[in-house]
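Hi everyone, thanks for making time this morning.

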Amino acid sequence: MTTRILFVCLGNICRSPAAEGVFRTLAPEIETDSAGTGDWHVGKPPHPPMQRAAGARGLDISDLRARQISPADFDRFDLIVGMDASNRADIEALRPAGNATPVTLLTQYAPRAGIDHVPDPYFTGDFDGVLDLIEEAARGLRASL
Ligand code: 4NP
């Protein structure tokens, strides 16, 4: 049974905290967390433009703080969900020997055709568009559990 889900992106200040914020509201019975593959923003709250875009939808993600994913997360979570292929490769590089925790991409659960990654709004500036995609995929993820 999937009861603990970790969302992972590069910096843990835009996409994965947004996914955590969306999913913990949608599925409060699931334990959710997020982490980054990189360590640049460890300890910081979500990027202010992402906090504002989430806040406009009634999602308060100001309590979240960035951390870096570690091999121990493979034992702590039942499912690890990345945002793009680069995240997935970086996550897989940390997998402990013998661990079988599934690692998927959030877009696998989105009903939109032809989308294979969550674009990084830190670079595109499209915080609202990314939240639309994350909300759709989060509903799909919930339905898949
Ligand atoms: P995220 O976006 O992976 O969605 O949190 C990023 C935020 C910051 C950086 C990279 C990605 N950065 O390189 O500082």
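First, a term: I call a residue near a molecule or strand if one of its heavy atoms lies within 4 Å of it. This is a predicted model, where local features need pLDDT of at least 70 and side-chain atom pairs count only at pLDDT 80 or more, while totals for chains, interfaces and linings use all residues. Residues are numbered from 1 along each chain as its sequence is written, and side-chain values use heavy atoms, with hydrogens and water left out.

So, which residues surround the ligand? They are Cys 9, Leu 10, Gly 11, Asn 12, Ile 13, Cys 14, Arg 15, His 41, Asp 120, Tyr 122 and Phe 123.

Now the polar contacts, meaning pairs of N or O atoms within 3.5 Å. The side chain of His 41 places an N or O atom 2.7 Å from a ligand oxygen. For Asp 120, a polar side-chain atom is 2.9 Å from an oxygen of the ligand. Asn 12 uses a polar backbone atom, 3.2 Å from a ligand oxygen.

Let's turn to strand β3, residues 79–82; strands here are DSSP runs of E, at least two residues, and helices are runs of H or I, at least four, numbered from the N terminus. Strands pair if DSSP finds at least two bridges between them. β3 pairs in the parallel sense with β1 (residues 4–9) over four bridges, with Ile 5 opposite Leu 79. With β4 (residues 103–105), β3 also pairs in the parallel sense, over three bridges, and there Gly 82 stands opposite Leu 105.

Technical notes. Buried means under 20% relative accessible area, exposed over 50%, partly exposed in between (1.4 Å probe, protein chains only). A polar contact is a pair of N or O atoms within 3.5 Å; within protein, one must be able to donate a hydrogen and the other to accept it, and residues adjacent in sequence count only if both atoms are side-chain atoms.
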